[in-house]
Amino acid sequence: MRVPPQDLDAPLCARGLVKRYGDVVAVDGVDLTVAPGDVYGFLGPNGAGKTTALRILLGLVRPHAGSVALFGRDPLLHGVQALESVAGFVEAPSFYPYLSGRKNLELVAALDGGQAAGRIDDALETVELSDRARDKVGGYSHGMRQRLGIAGALLRAPRLMLLDEPATGLDPAGMRDMRGLIRNLADSGMTVVLSSHLLVEVEELCNRVGIIRRGKMVFEGTLTDLRASAAGAWQLRTTDDDVALRVCRSAPGIEEARATASGISFRAPEAAVADLSIALVQAGIGLTALTPHAATLEDLFFRLTEDDGRAPIPASDAVEEAA
Amino acid sequence: MPSTATVYRWELRKLVSQKRTYLGLAFAIAMPLLFVLALTLRRHGAGPDVAFGRYVRQSGLAIPLVLLVFGSFWLFPLITALVAGDIVAAEDHNGTLKTILTRSVGRGRVFAAKALATFTYAGLALVVMGLVAVAAGGLKSGLHPLTTLSGTRVSVGRAFVLMGASALVYMLPLLAIASIGLLLSTVTRNSAGAVVGTLLFSLLLQLVTILPGLGGLRPYLLPEQFNAWQGFLRVPTDWAPIGHAAWVCAIYAVVCVSAAFLVFLRRDVAGD
Ligand SMILES: Nc1ncnc2c1ncn2[C@@H]1O[C@H](COP(=O)(O)OP(=O)(O)O)[C@@H](O)[C@H]1O
Ligand SMILES: [Mg+2]
C-alpha cells in the first residue's frame, strides 16, 4: 500500500505497515496520519506493537509491507535523509555509559553534521541536566537518561518528534516534568507523536489519538471523536439473556452486543433501542433493566484493546452493581 | 551529513574511553617486557628456536622480530579480536546503535568508520609492541647491526626501515582477522561471542596448518601469511611470500568486510 499523494507533505503518513517476528505479527497493517501541529497519542497496551511501529518510522526496522512518508520521504528509500526534520527515540534512549552526558550530546551533534554543537548547553538546560552533564551516563538514573534522550532529540531542531513511552518508568514528579516538557514542545509548534499505554496521559497531552491493539489500528481520530463514540452504550437485563442476546444481534442498529457479568451491553442510537425493546417483548422476553450507560474513555479504551468477551468489567459497571 | 572522517574520529574517541581498549594495549606492552625479563633471568643459553631467536643477545633489534613470530600465535589475534568483535555488538547490547542510526549519518559511513577504527587499533597495538620491544631490546642487548635470515648484516638504520616494512606486511593478516571479527560482531550481535569466535577461528586455522593431511591448504590460510614479512629480511628481498600474503589476506578481508557491510546496511535494529 502506498502513501496517498495528498498526504505526502504531512509530518507523518504511514500506510499498511506490516512487521512479523516469526509467528508474531507485531505490526499488522498499521495506518497513521499525523498533521502539522498535532500532538498525536499512539495508544495501546504493552505488546500491541507501538515500539515496532515507531522503529519502522525511524528506519530502524524494515517492514514486510507498507510505506512511510515523513514530510514526504520514506526512510526505506531515502535512508537517514528521510529523518532530516525528525527526531526521537524508541524504548528508553540509549547512550554510551562510559561517556559523560555532555560528551554523548557532542557525539550525536557531530553525527548530525555539527551545526547543533553550540546548542548543547541550552538543550541540557531545557531538560535540567546542566549540573550533571559532566558525569558519566553509566551513573544516570532512568529519568535522567530519559531527559538526556529528549535533549539529544532537541539538538536536531526537529519539526516532528517521535517519543516512545517517554514517561513510563518515571516517578510521579518525573512524569509530571516529562509531560510538562512535552506540552512545551507542542506549544512551541512542534508536531509530537508519543506512544503510551496510559489513556490519562494521552488525554492530558494529545489532540489526536490512534489506538493499536495486537498490531492493528482500532481507532484513529480526535479525542473529541473518541469521546463521542464513548456515548450510546446501553446495559440490558432480561429474564432470558441467552435468547435476548440473539435478538440484540439480529436487531437493526444494535452494535457490539455482548454478554457481561451484569447482563448484556450494546451500543445503539435511542430509536434503535426503542425498537429493540419491542422486539424483545415480542420474543417473549421480559425486561428487568434497560439503562443508558455513559461509558468513560477508559471503558472505551478497554473495549477497543481487550479481546471480545474477555474484557474486564468496566469500573462504572461495578459502581452500578453496588448501587 | 557529517563526513566519514568525523564519524571515525568519534569511533576513536569511544575506543579511548573504554577499558577494553587498554587491556589489548597492555598485552602489547607486557609481551616485550616479559620477554626481555625472561632473557635477563636466563643469563646464558640460546634464544628461542624461531627466526631471529639466535640473535637476541647479539642485537636488541632481533627482539621485536622474534615477538612478531610469537605474537602471531594468539597475542595479536586476541588484541585485534578484542576490539573487532566488540565494535558493533557492544552498540547492539547498549542499544546505542539506534541512537547513532537515527541521526544524519548513513549506515554505510557508520560501518566504514567502525572498520577503520578497528584497523587503526590493530595497527596501533603492533606499533606499540614494536616500540616497546625496540626500547627494551635496545636496553638489554644494545642497538647493534642485525643479522638477516640470509646471514648478512644490515646497519641499524637499514634494520629500522626493514622492520617498518615488515610491520606493514604483518598488518595484512591482522586486517584479515579484524575483518573476521567485524563480521562476527555484526552478525552475532554478541560481543563476547564475536571476540571468542574470532580468536577460536584464528587458532583453528593454526591447527589446520599443522595437520598433516591438510598441508595443501597451508598457503591459503592466515598463519602462513603471518610469516610473509620475513621476505624483507632476506638478501635480496624475497617478494614472493609478500605478494602472496597481499592477495590471500585481501580475499579474507574483502569477503568478510563486504558481508558485514551488507548485513549492517539492511539489518533490523531492534531489541534482543
Ligand atoms: N525484536 C523482536 N523479536 C521478536 N519479537 C518481537 C521483537 N520486537 C517486538 N516483538 C514482539 O512484537 C510484539 C509487539 O512488541 P512492541 O512493538 O514492543 O509492543 P509495545 O511497544 O506496544 O509494547 C510483541 O509481541 C513483541 O513480543
Ligand atoms: Mg514499547
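**Confidence, domains and helix packing in the predicted complex**

Chain B has a mean pLDDT of 94, with 99% of its residues reaching 70 or more. The model is a predicted one, and for the complex the predictor gives an ipTM of 0.91 together with a pTM of 0.87. Chain A averages a pLDDT of 88, and 91% of the residues in this chain score at least 70. Over residues 308–323 of chain A the pLDDT stays under 50, and for this stretch the model has 19 contacts beyond four places in sequence.

Chain A is divided into two parts, domain 1 covering residues 5–221 and domain 2 covering residues 231–294. The centres of domain 1 of chain A and domain 2 of chain A, taken over C-alpha atoms, are separated by 43 Å.

Two helix pairs were examined in chain B. In one of them, helix H2 (residues 19–41) of chain B packs with helix H4 (residues 75–84) of chain B at an angle of about 165 degrees, the axes lying 9 Å apart. Because angles over 145 degrees count as roughly antiparallel, H2(B) and H4(B) are roughly antiparallel to each other. The crossing in which H2(B) passes H4(B) is left-handed. On the side of H2(B), the contact is formed by Arg20(B), Leu23(B), Gly24(B), Phe27(B), Ala28(B) and Met31(B), which meet Leu75(B), Leu78(B), Ile79(B) and Leu82(B) in H4(B). By class, the residues of this contact between H2(B) and H4(B) comprise eight nonpolar, one polar and one charged.

In the other pair, the axes of helix H8 (residues 156–188) of chain B and helix H11 (residues 239–266) of chain B come within 8 Å and cross at roughly 20 degrees. With angles under 35 degrees counted as roughly parallel, H8(B) and H11(B) are therefore roughly parallel to each other. The crossing of H8(B) with H11(B) is left-handed. The residues contributed by H8(B) are Val169(B), Leu172(B), Pro173(B), Ala176(B), Ser179(B), Ile180(B), Leu182(B), Leu183(B), Thr186(B) and Val187(B), and these meet a set of residues in H11(B) that includes Ile242(B), Ala245(B), Ala246(B), Cys249(B), Tyr252(B), Ala253(B), Cys256(B), Val257(B) and Phe264(B). The contact of H8(B) with H11(B) has 20 nonpolar and two polar residues, and no charged residues.

Definitions and conventions: Residues numbered from 1 in each chain as written. Chains lettered and ligands numbered in written order. Predicted model: local features only at pLDDT ≥ 70, side-chain atom pairs only at ≥ 80, totals over all residues. Heavy atoms only, no water. Domains from an automatic or database assignment. pLDDT = per-residue confidence, 0-100. Axes fitted to C-alpha atoms, helices over the stretch in contact; angles between N-to-C directions. Helix = DSSP H or I, 4+ residues; strand = E, 2+ residues; numbered from the N terminus. Parallel < 35°, antiparallel > 145°, perpendicular 65-115°, else oblique. Left-handed = near helix turned anticlockwise from the far one by under 90°. Contact = heavy atoms within 4.5 Å. Nonpolar A, V, L, I, M, F, W, Y, C, P; charged D, E, K, R; others polar.
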